[in-house]
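Open the model in your viewer and keep the selection tool at hand. The stops below are meant to be taken in order.

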There are 2 protein chains.
Amino acid sequence: MKEAKNNTIHDVARVAKVSIKTVSRILNNDPRVREANVVKVKKAIIELNYKMDFNARRLRTKQSYLIAVLYFDYRGNFYANMVIGGAISACDELGYDVLIRPIKYSGENLMSSVMHMIERSNPDGFILPPPLCENQLLLELLNKKNIPLVRISPCDINGNDLVYCDEVSATQKAIQHLISLGHTEIGFINYLVGHAAGNWRYEGYKKALAEADIKERPELVEQHEYQANIVEHAARRLLKLPNPPTAIFTTNDASASIIYRVASQLNKKIPYDLSVMGFDDDPVVEYLWPPLSTVRQPVTELGYEAAKLLIRKFIQKEDVTEIVNPKCELLIRNSCGPLIS
Amino acid sequence: MKEAKNNTIHDVARVAKVSIKTVSRILNNDPRVREANVVKVKKAIIELNYKMDFNARRLRTKQSYLIAVLYFDYRGNFYANMVIGGAISACDELGYDVLIRPIKYSGENLMSSVMHMIERSNPDGFILPPPLCENQLLLELLNKKNIPLVRISPCDINGNDLVYCDEVSATQKAIQHLISLGHTEIGFINYLVGHAAGNWRYEGYKKALAEADIKERPELVEQHEYQANIVEHAARRLLKLPNPPTAIFTTNDASASIIYRVASQLNKKIPYDLSVMGFDDDPVVEYLWPPLSTVRQPVTELGYEAAKLLIRKFIQKEDVTEIVNPKCELLIRNSCGPLIS
DNA sequence: ATGAAAGCGCTAACAA
DNA sequence: TTGTTAGCGCTTTCAT
């Protein structure tokens, strides 16, 4: 089936005229080898086109060199894709593979799916994007089994097993942009209540208003957990207010596109009659007109840093102290215009 | 780190009072064992909570029990996600794991990425969704290395290493729907030239027109390879024709959303002044208004069948003859209305 | 139908 | 710093 017999460390050792253990040491970057031997062995490795057999190493070390990424499997989950892409880059660099696991529903299904994964493939660590990073049962299970994990954007950012980006000041900047355009009546639609993102983005909204001495009008704020049609109702209510907002910030781009629809039904032209600011830079916005101003979250980078932290600090027990939290970026496109009074 | 010592086949053999080879045979469904022993061993396995060590098996058999899924990594590639989801379901059932590999560009990057994957993880087989299923270099490489593969929706459907669905008749039905609404001037915008999907969908369009005795107007047909803004230009040209189409079919939903935009700019109301029919049931359409009529492609099922075929027929060499090709489904929503003359 | 022994390619322990 | 030896847990001869 597969190719002819592959060379092993024995062949390398023979050609380089050293012991197999020396070869093994060089393969594993053990510093206790003479430079001359390193040179000889590296030459032999190239000459023989030697490739290490990872399964033999796995058998011996009881490590799988596999990182598991869990994610909720719903249509259009671009976030998970980006996390995975980033994790794969980091794993490539560090010699690990990524195993992914789409989760269809929470509860029973989640736990049995994870158990199955552990029993079959024995991942060396887990990456948990939101909202799975909040699941206590899951966290306890991994903890009990002593399997390290890194959480992405969890609600509680105390701890050293997480990466996130500063969404508070990112949102603050987005609202500042609206304020700089002259807006003072700024609506806020949040359907991420319960996620860290929902809390952070609301906090950023409040900070931006406060620093500009704008009093928050509670009737301009809609906060909900995810639910079908909720954004549509919220947007309709806001825009039908006697003194409606002239700009709306929403916690994610998918809802921004619903606001576009409601605005069009109410004959409000974006950005002339209404400014809209989203968050995420979701691929769906590519098809919105006018192009949506939004905040790009560095999700790929979060996946990359999560995998790197997991492997280096928690699996290979390196002494990693500095944690990199990538930055958000305000993308100004055409959905926000100056206030026309 | 990990739990206490796990039980091995030796423990199972001891408890069941048979040899380890008998346990191994039962684990591998070898028929040459006495029923009484099967019962004893299965009992011991449960009693000891025995889990097979897959790495030991991998080392011994030179199989990785890994299936590789390659895909192009562009924003909003929902197709790849669905293929992967389906492949994971099938692999779960059959005891394999899925390794995924996003490809950023074709050419050099693709080949080195695949080589790297083979050297590191040695997948037992590959699943190639379009357009990677057309890449001759890749096909040759896998062929030369004797690694089995299954292609999804390739241009040439002669062969037994592929799955696809009948997009010709699916498109035909979609166009029939438009015709049944009274439309005869039906535009066709294709930006999948070079993909099997592009050819098939055009064929379905022509068949539907022919069977309704509608003469194809070449100026209503736009065929292009993927290129930015091409759909916008195409839609604008069609809709500005002296005798413009009253309905447009487009080969994918993302372009449908661009047609929505152009229509709105030209003050054509969907579905009153223009009917639009898409293809794919892409998540982006959820945010289109009015809801887009389109054709759902059973992509998850294609991924599932591809993995199943790959493993059973080409890896485990079972005698699989019947190949399941899942069906497309016409989703009638609100973007197509009757012809108002 | 069943078992004993060998060995897959690697790393860990220990010795030198 | 280097080498020798002994397995990791499984499957595969080859006997029986």
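**Before you start**

This is a predicted model, in which local features need pLDDT of at least 70 and side-chain atom pairs count only at pLDDT 80 or more, while totals for chains, interfaces and linings use all residues. Residues are numbered from 1 along each chain as its sequence is written, chains are lettered from A and ligands numbered from 1 in the order in which they are written, and side-chain values use heavy atoms, with hydrogens and water left out.

**Stop 1: chain A**

Select chain A and colour it by secondary structure. It has 12 helices and 11 strands; these are DSSP runs, numbered from the N terminus, with at least four residues (H or I) for a helix and at least two (E) for a strand. The radius of gyration, taken over C-alpha atoms, is 26 Å, well over the 20 Å that the globule rule (2.2 Å times the number of residues to the power 0.38) gives for 341 residues, so chain A is more spread out than a compact globule. Its C-alpha trace spans about 85 × 40 × 40 Å along the principal axes. Of the 341 residues, 56% are buried, where buried means under 20% relative accessible area, exposed over 50% and partly exposed in between, with a 1.4 Å probe and protein chains only.

**Stop 2: DNA strand D**

Next, select DNA strand D and the residues around it. A residue is near a strand if one of its heavy atoms lies within 4 Å of it. Which residues come nearest to DNA strand D? Of the 26 around it, they are A:Arg34, A:Asn37, A:Arg60, B:Lys21 and B:Tyr50.

- A:Ser19 has a backbone N or O atom 2.9 Å from a phosphate oxygen of DNA strand D.
- B:Asn28 has a side-chain N or O atom 3.0 Å from a phosphate oxygen of DNA strand D.
- B:Arg60 places a polar side-chain atom 2.9 Å from a base oxygen of DNA strand D.

Highlight α4(B): with five residues, this helix gives the most to the surface near DNA strand D.

**Stop 3: DNA strand C**

Switch to DNA strand C and keep B:Arg60 selected. A polar side-chain atom of B:Arg60 lies 2.6 Å from a base nitrogen of DNA strand C. B:Arg25 has a polar side-chain atom 3.2 Å from a base oxygen of DNA strand C, and A:Asn28 has one 3.0 Å from a phosphate oxygen. Here the largest share of the nearby surface, five residues, comes from α4(A).

**Stop 4: the backbone**

Most residues other than glycine have a negative phi, and most peptide bonds are trans. Select B:Pro130 and B:Pro131: the peptide bond from one to the other is cis, with omega near 0°. B:Pro131 lies in the loop between β3 (125-128) and α7 (136-144) of chain B.

Finish at A:Asn267, where phi is positive, near 60°. Is A:Asn267 buried or exposed? At 68% relative accessibility, A:Asn267 counts as exposed.

Technical notes: Polar contact = N/O pair within 3.5 Å; in protein donor to acceptor, adjacent residues only side chain to side chain.
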